Amino acid sequence: MSLVLTELKDSTGVITLNNSEKRNALSDALVHELIDALNGFRAQNVRAIILRAMPGVRVWSAGHDITELPNRGRDPLGWYDQLRILIRSIQEFPAPVIALIEGGVWGGGCEVAMACDMLVTTPDATFAITPAKLGVPYNLGGLLTLMNMIPLPIAKEMLFTARPIPAEQAWNLGITNYIKSPEEIEDFVFSLALSIGANSPLSVSVMKESLRLLSSASAITPELFERIQGLRRVVYDSDDYQEGIDAFRQKRKPVFCGK
Ligand code: LCV
């Protein structure tokens, strides 16, 4: 079974997450197919991408496949991990990527959604950022993706509580572009993609790339980078990190001790 479905509609590439049974958890295999789908559409010069799950799902994506997270002692969110490569592929895709979101978006799924250029949701969509629930030290690229989308106090609340925020709050904060009913969302997102497709693809793609470069333009020193990486290492070496992933595997609540 394909974990991801693709379809070309006019000049728009549609990518559908197709593993509802596992709540579209971002396993290496699924993410690999997503990256392949993006590469395929890149070669076809599509004017926009729509990234969606199957119509009517309750969970858009449950985030990183927790069963595939490494045990203690290895960075779980390293530069070459499939999910990191996917995030960069979306951000660097030469045409806009629109997320069409129904249902819950969790952890790494939230970063995938927020790496997209525009987000349209149904009223039941929710967004949760979950590393604190698992004992995971979030990576710098991921924090930057969030900081470019979410006002800082809200980003902090989401990171520290790991509680989902509802679609209406996300829209009020300007994180998402529109809320549409399940009956109208598909036509609406296609019309958005078509109006982008009617414009100059060179102009659109250069503006997208310029905005990406400008929004990550704040330089940090090598010392500061190493300091943050050192702080993250304390977390992924800890008992608590191991406890977070063990608890998920054993289907129980984690008990964190701060070590
Ligand atoms: C593997 C899963 C998953 C899953 N992995 O359905 O950004 S970070 O740092 O947080 C990063 C590390 C990250 O993204 O971590 C993942 C964060 N995600 C979560 O914390 C959400 C975990 N999932 C859930 O809480 C529930 O599955 C939700 C609420 C999404 C859906 O609940 P529901 O009752 O509808 P089940 O829990 O029954 O899940 C159905 C199947 O999908 C698997 C889950 O183990 C189950 O498998 P089995 O049928 O084999 O038991 N599954 C769900 N999420 N992230 N596997």
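**Reading the model**

Modeller: Pro55 is found in the loop between E3 and strand E4 (59-61). Helices (H or I, at least four residues) and strands (E, at least two) are DSSP runs, numbered from the N terminus. This is a predicted model: local features need pLDDT of at least 70, side-chain atom pairs count only at pLDDT 80 or more, and totals for chains, interfaces and linings use all residues. Residues are numbered from 1 along each chain as its sequence is written, and side-chain values use heavy atoms, with hydrogens and water left out.

Biologist: Does Pro55 count as buried or exposed?

Modeller: Buried means under 20% relative accessible area, exposed over 50%, and partly exposed in between (1.4 Å probe, protein chains only). Pro55 counts as exposed because its relative accessibility is 57%. Between Pro55 and Ile90 there are 35 residues in sequence and 22 Å in space, C-alpha to C-alpha.

Biologist: Where is Glu102 placed, and what does Glu102 touch?

Modeller: Glu102 is placed in the loop between strand E5 (97-101) and strand E6 (104-106). With a relative accessibility of 8%, Glu102 therefore counts as buried. Contact means heavy atoms within 4.5 Å. Leaving out residues up to four places away in sequence, Glu102 touches Arg52, Met54, Pro55, Gly56, Val57, Val59, Trp60, Thr122, Asp124 and Pro182. A polar atom of the Glu102 side chain lies 3.2 Å from the backbone nitrogen of Gly56.

Biologist: Where does Glu184 lie, and how many residues separate Glu184 from Thr122 in sequence?

Modeller: Glu184 lies in the loop between strand E10 (178-179) and helix H8 (185-197). Its relative accessible area is 40%, so Glu184 is partly exposed. Glu184 and Thr122 are 62 residues apart in sequence, while their C-alpha atoms are 9.2 Å apart in space.

Biologist: Which residues of H2 are buried?

Modeller: A helix is read residue by residue, and H2 is mostly covered, with eight of its eleven residues buried. The buried residues in H2 are Gln82, Leu83, Arg84, Leu86, Ile87, Arg88, Ser89 and Ile90. They pack against helix H1 (28-43), strand E3 (48-53), E5, H3, H5 and H9.

Biologist: In the largest nonpolar core, which residues touch the most other members?

Modeller: A nonpolar core is a set of buried Ala, Val, Leu, Ile, Met, Phe, Trp, Tyr and Cys residues joined through side-chain atoms within 4.5 Å. The largest such core holds 56 residues, and Leu51 and Phe127 touch the most other members. H1 supplies the largest share of this core, seven residues. Not counting residues up to four places away in sequence, Leu51 touches Ile15, Leu17, Leu34, Trp60, Ile90, Val97, Ile98, Ala99, Leu100, Val112 and Cys116. There is also a second, separate core of 15 residues, including Ile98, Val120, Phe190 and Leu192.

Biologist: How many cavities of 30 Å³ or more does the structure hold?

Modeller: Rolling a probe the size of a water molecule over the atoms shows where empty space is left. On a 1 Å grid over the protein atoms alone, a cavity is a set of points where a 1.4 Å probe fits but cannot get out, and a pocket is an open set with protein on both sides within 12 Å along at least five of seven lines; lining residues have an atom within 4 Å of a point. Here there is one cavity of 30 Å³ or more, and the largest cavity contains about 50 Å³ of space. Its lining consists of Ile15, Leu34, Leu38, Ile49, Leu51, Leu86, Ile90, Val97 and Val112. H1, E3 and H2 each supply at least two of the lining residues.

Biologist: What lines the largest pocket?

Modeller: The largest pocket is lined by 48 residues, of which Gln91, Gly141, Leu144, Thr145 and Asn148 lie nearest its centre. Elements giving two or more residues to this lining include helix H3 (107-115), helix H6 (152-161) and helix H10 (222-236). H5 gives the largest share, seven residues.

Biologist: Which residues lie nearest the centre of the second largest pocket?

Modeller: Ala62, His64, Ile66, Leu134 and Phe248 lie nearest the centre, in a lining of 36 residues. Helix H4 (131-134) and helix H11 (239-249) are among the elements that give two or more residues to it. H11 gives the most to this lining, with four residues.

Notes: Polar contact = N/O pair within 3.5 Å; in protein donor to acceptor, adjacent residues only side chain to side chain. Points joined across faces, edges and corners; volume = space filled by probe spheres on them.
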